[in-house]
Amino acid sequence: MSVSFCGLQLAHPVINASGTFDLLAANTAFGESLRERFPFAAFVSKTITLEPRKGNPPPRLWEAPAGLLNSIGLPNKGLQGYLANDLPAISELLGKVRAQPPVPLITNVMGSTAAEIAQLLNACEQREEISAVELNVSCPNVKTGLDIGADPVQLEVVVREVRPHLSKPLIVKLTPNTADVAACALAAQEGGADAISLINTLRAMAPGGGSPKPWLGGGTGGLSGPAIRPVALAQVAAAARRVSIPVVGMGGVQSAKHAQDLLDVGATLVAVGTESFRDPSAGSRIAHELSGAAETPANATPDHPGASTLLNLK
Amino acid sequence: MSGSDRPVLDGSSDGTSQCASARVQAPIGRRLLTVAGMDELGAYRVLRLSDPSGPRPQPGQFSMLTAAERWGGGEDDRPHVPRAFSVARWQDGEAHYLLEDVGPGTHRLCELRGGDEVWVLGPLGRGFTAPAEDQRAILVGGGVGIAPLAILQDTFGDHADTQGTVALLGFRDGAHTRGASLLRGAQVATDDGSVGHHGLVTDLLVRELDETPRAIVYACGPAPMLEATRAICGARDVPAQLALESGMACGFGACFGCVVPLRDGSYLRVCLDGPVIDAARLERVDAHAGAPA
């Protein structure tokens, strides 16, 4: 089951989606059992920004049909707070995880200009605790208001400009809120990304219950969970067809079957997000199920396409 | 079960250490438990789960519950994420949870019968800390929020070295006052006057505080009740521990969804650094931070 990803050796192909697992909080809640049974082959931090962010006012959650809408607002201590406090603590904790090979740290960053992103990458470059960087491009350009990652032309320019600031692997986390995600995937590759990851949450809104004011404190939010799984499969497939760099696929993964579906369309790794909220050990369960599936010979005769269509609508 | 049932000395995630031993850690991963029974209690249900080898929770800690079957497909194709419940009682190898059918998650849980199965993640969060030897504990509960006060009374109420407890419970009507039987010797207030004091439970609190020289207040209930409790205790310099409630998806600090604003302007994750919080840390109790009324 071990897998190579951008030069990193991982025990299995299951990692966490950024912002869905707080390592330090999990250590407080679960203690030794977290280190004994760590759920992921690599750990992706929540998004770090240059300046500290409080996050959005509550309410921040709304349960959607077969999913979850969140408007968290990327709360974090800012780059300096991360480097001084969280990074050493996360690194120490990952060092104590019983896993072979060790669990590498991928730090997720977001900036609203190329200059901001360059500053974040420079800092990550200098810290040996960080094995790779994931760049969140679901951030509005301060001038145009358009998400950096929503426009392939803009995305390629930004990635190309920041790329020289990092010699470590650079993963670009694409936004699904765009007209042509495959074009954005290609733009990230052309700009110099070593890998892409997708999908981020889909922009969505919770009703205000009779009021024109939306329920979520942040107005709109991001939809995740099983509700977005077919969208994720379509976007991961489209992106993987267009690029030659590795793809991290995610969106509504709850089981090895869902993970395998993403691997089948070209993903190298699969990330688990909302399912970890339901069960913090979902990552290890899915990895375990995947390894079982790999050892079992596939059914001799795959389902007839017509038959499976019928079964799906039964 | 690999979970430890030793109380863990714990600093909060922001580095302060105000409540040693108010947290028992959960094993990572949810565990599948069997329903030992479902008891009717007026407008409420008591869900009893057989959990003989689970960690013994501290009073005020909670668990995330998911029915093993048919979790989803209810109203609005929900529920999806688990639901948070304070542990109401821990005895004879069973964990008790107080339910009120107020939404698709609680509705599904209320349907469970003996032998059904439930996924449980817990115990989670920071619980209540014990009263000092010379303090008399006043428990203030409203509606389904009385749940953590029962295990609190079980744990701290009968110690020979404390001053005992007094329980003050508020409900909207007579059908809900059946919940009061979870606690011993409770004084009851109802909104409609059908049982006990006709008015607010905080009226009883003021009366009790007038007669108690050294009090500590433990409260859980709807946000307006918690806010009134905070204001009353704050004005009298009486220490108060409030068990907050907030919509949460994970219960272990991962989603950042359950935050409430603190006096210092920062946000606190109710699931991780609560649900029990020193009332003095709040400017006011957020309207979203209470149990269903």
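## Ground rules

Two strands count as paired if DSSP finds at least two bridges between them. Helices (H or I, at least four residues) and strands (E, at least two) are DSSP runs, numbered from the N terminus. What you're looking at is a predicted model, in which local features need pLDDT of at least 70, side-chain atom pairs count only at pLDDT 80 or more, and totals for chains, interfaces and linings use all residues. Residues are numbered from 1 along each chain as its sequence is written, while chains are lettered from A and ligands numbered from 1 in the order in which they are written.

## A parallel run in chain B

Let's start with strand S8 of chain B, residues 136-142. In S9(B), Ile138(B) has Val166(B) as its bridge partner. S9(B) covers residues 165-171, and it runs parallel to S8(B) with 6 bridges between them. S8(B) also has 6 bridges to S12(B) (residues 215-220), again in parallel.

How many of the 7 residues of S8(B) are buried? The count is 6, so to speak mostly covered. Buried here means that 20 or more other C-beta atoms, placed from the backbone, lie within 10 Å of the residue's own; 12 or fewer makes it exposed, and anything in between partly exposed.

## An antiparallel sheet in chain A

Over in chain A there's an open sheet of 4 strands, ordered S5-S6-S12-S11 and paired antiparallel. S5 (61-64) and S11 (202-204) sit at the edges with a single partner strand each, so one side of each has no neighbour in the sheet. On average, neighbouring strands are turned by 35 degrees against each other, direction ignored.

S11(A) pairs with S12(A), residues 221-224, through 3 bridges in the antiparallel sense. Ala204(A) is found opposite Gly221(A) of S12(A).

## Two helix pairs in chain A

H1(A) (residues 23-30) packs against H3(A) (residues 78-96) at about 55 degrees, with the axes 10 Å apart. Axes are lines fitted to C-alpha atoms, for helices over the stretch in contact, and angles run from 0 to 180 degrees between N-to-C directions. That makes the pair oblique; angles under 35 degrees count as roughly parallel, over 145 as roughly antiparallel, 65 to 115 as roughly perpendicular and the rest as oblique. The crossing is left-handed, meaning that the near helix is turned anticlockwise from the far one by less than a right angle (clockwise would be right-handed). Leu23(A), Leu24(A) and Asn27(A) of H1(A) touch Asp86(A), Ala89(A), Ile90(A) and Leu93(A) of H3(A), where contact means C-beta atoms, placed from the backbone, within 7 Å.

H5(A) (residues 152-162) and H6(A) (residues 181-191) pack at about 25 degrees, axes 8 Å apart, and are therefore roughly parallel. Their crossing is right-handed. On the H5(A) side the contact includes Leu155(A) and Val159(A), and on the H6(A) side Ala183(A) and Ala187(A) are among the residues involved.

H8(A) spans residues 256-264, and its buried residues are Ala256(A), His258(A), Ala259(A), Asp261(A) and Leu262(A). Just past H8(A), Gly266(A) adopts a positive phi of about 120 degrees.

Finally, where the chains meet, chain B puts in 36 residues and chain A 34. The chain B side that touches chain A has 18 nonpolar, 13 polar and 5 charged residues. In this scheme Ala, Val, Leu, Ile, Met, Phe, Trp, Tyr, Cys and Pro are nonpolar, Asp, Glu, Lys and Arg are charged, and the others, Gly among them, are polar.

Notes. Contact = placed C-beta atoms within 7 Å.
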